[in-house]
Amino acid sequence: MEASATMTRMAGSAGLLDEAQSETASSLISTLTPEQALWLSGYLAGLAGSPPASSNGGEHSGEAGPRVTVLYGTETGNAESVACQFVERAVEEGLQARAVDMADYRTKDLRDEGWLVLISATHGEGDPPEPAAGFFEYLWSRKAPDLEGARFAVLALGDSSYAYYCKAGRDLDERFEELGAQRIADREECDVDFEEASGAWVDALVARLKKEVPVAAPAGVGTGNGNGTAPKIPDAVGGLLQGVGGRASASVLGGGALATAPAKPKYTRRHPYRAEVLENLRLNGRGSDKETHHVELLVEEGELHFEPGDSLGIVPENEEPLVEAVVEALGLSGGEAVTVGGKEWALAEALRRELELTRLTPAFLRSYAEVAQARELKALLSSEDLEALNWYMTCNQVIDVLESYPVEGLQAQVFVEMLRKLQPRLYSIASSAKWMPDQIDLTVAITRTTADGKARNGVASSYLAERRSPGDPLDVYVQRNKSFRMPTDPDAPILMIGPGTGVAPFRAFLQEREEHGASGPTWLFFGERRFREDFLYQTEWQRFLETGVLTRMDVAFSRDQAEKVYVQDRLRDRAADVFEWLEDGAYLYVCGDAQAMAPDVHRTLVDVVREEGSRSNEEAEAYLKELQEERRYQRDVY
Ligand code: NAP
């Protein structure tokens, strides 16, 4: 009611809306929840700047005073959510701020920025998030500008179970200093459980900036479109919606598509949704040496919003035999009282539900090496050889360390304080909400060994595939993946490369295309070990081929013949057609193993473009890079 009255008043005084528009808007706004209002405000902000306005790199130094630009590099959306949180807080404090994805940022505007906040995740072996690769490359190129006069601060997000923890953020921090920018605050590094630390950092930095940045008048919600412009929400609309939503919002425009920073999702890692297991089937035939499960989950329609390309976070539990082995290796009973996360637990229960046992972190190794006086471990940790440390961590679990370096009389509380909190695991969603709004499907390969072949189960895959049966609850949340999105044009051709469980999102893609009655050509490359036992979802692909939803399919069964055959061999066999599809505007997607498959497929694509497009190697690389920048070559690799 109050919102409607405000709307009428504002519309009247501003003369922006006629009576009918005012009434329509008022009646819509009076029905909005704060989340919907927040979303709509971002959406309208985007519209206000669309179609992309002419570039205006210096716009921020205009009437509204200095602006803080928050640049974020993200694959999973975490850095984006911190960036949006930062902008919200900054705007609340009267600062002018905007958040822009590094993937969309016009790098030539960098020299004009006065206040920069950089938030970046790290992926793989210390790499920047894939969509931000171009931004990083620019910074380390000869084109990088002199940033003297600019002020900056860096928040690095990472996963401490990797040796190259937070490397992309560390690199940014060093590079901005090298380029002459002056640090506003020390770099902050946040582990996977980042929310508390990043929230405190945001509050502290905003408070600092409030003192240092001359206050803008009027304060503005930043909406970056990647072209250096900051479209403003029309005062009447933006002001009103912020009032209804109770918060300001940030939005970004990128890759030709409007993507508003969404309202905070209802369910998160910390507050997951309780789904129910509907079905849990092994997909491999008898005799297969692989164990890949199809898991169906029942969710209440409308509770979880997900799109093809998104992942589902699973909150797992450690298995009982592993917990028992750890307790035994410590020489304890499991009943000892410990405090974890501010709560009292029996040791065994805390190990099962709260603490990471299957993934090592350098922090755990450091503390344990100290109490165990383990010389070898200490040497590994103090050497510069991060690859050796990484290899050790991928080949061993906590139990291996306890057994290799036993310690007598280690107290339960001391031990639990060394361990990291058990983290959710992500799986690509294998179904479309359009196709089945109250169901989420996953394709889960059970991990039975560590990288060196030692028999050890993975925590989430064994929990999902072996310890969850139909009717059992499962705590989940949706992890958005805006760097793996279907083209908005339903007629655009799509080329999908997904060996093994990498095929999961493509099942969702095809279901979505079927639901939309989309006519764009589709081509799937799938690979597994053996045709008879491991052809995951075979009958479904056949049906898609029959109905025309899937135009072409090529398969590579690696172990059906003496010589290994992989998806990239099929790409090579079909090189002329693959190149023709790319030239016809196809979107290219790769999903699956990050270590070997994705780089091998990339090299093959370079070969295809070089040979079929009569280009040099560098030109072929540049061709693929351009596809990446146009978001026509997207990867989800793990
Ligand atoms: P997957 O192990 O990726 O295997 C699927 C198919 O891809 C198999 O036919 C496999 O052949 C083939 N393949 C192996 N290397 C390849 C390469 N360089 N290029 C193209 N294809 C290749 O299937 P998954 O069941 O999805 O794997 C499950 C999980 O294991 C994933 O998370 C993956 O990242 C991980 N993984 C780990 C390792 C490791 O060493 N730690 C290796 C592979 C996958 P062959 O098996 O006959 O060689």
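Which residues form one aromatic cluster? They are Tyr-105, Phe-135, Phe-136 and Trp-140. Please keep in mind throughout that what we are looking at is a predicted model.

Turning to aromatic pairs, the count for this model comes to 23. One of them joins Phe-484 and Tyr-589 in an edge-to-face arrangement, with the ring centres 5.4 Å apart and 75 degrees between the planes. This pair links distant parts of the chain, since Phe-484 lies in the loop between β17 (473–479) and β18 (494–497), while Tyr-589 belongs to strand β21 (residues 587–592), and the two residues are 105 apart. As for accessibility, Phe-484 counts as buried because its relative accessible area is 0%, and Tyr-589 is likewise buried, with a relative accessible area of 0%.

A second pair I would like to show you is formed by Phe-531 and Phe-535, which is tilted, at 5.7 Å centre to centre and with 55 degrees between the planes. Here Phe-531 is partly exposed, at a relative accessible area of 38%, whereas Phe-535, at 14% relative accessibility, counts as buried, because the cut-off for that is under 20%.

Finally, let me come to charges over rings. The charged end of Arg-552 sits over the ring of Trp-523, at 3.9 Å from its centre, and Arg-543 lies over the face of Phe-544, where the distance from the ring centre is 5.1 Å.

Notes: Residues are numbered from 1 along each chain as its sequence is written. This is a predicted model: local features need pLDDT of at least 70, side-chain atom pairs count only at pLDDT 80 or more; totals for chains, interfaces and linings use all residues. Side-chain values use heavy atoms; hydrogens and water are left out. Rings of Phe, Tyr and Trp (its six-membered ring) pair if their centres lie within 6.5 Å; planes under 30 degrees apart count as stacked, over 60 as edge-to-face and the rest as tilted. Helices (H or I, at least four residues) and strands (E, at least two) are DSSP runs, numbered from the N terminus. Buried means under 20% relative accessible area, exposed over 50%, partly exposed in between (1.4 Å probe, protein chains only). A charge sits over a ring if NZ of Lys or CZ of Arg is within 6 Å of the ring centre and within 35 degrees of the ring normal.
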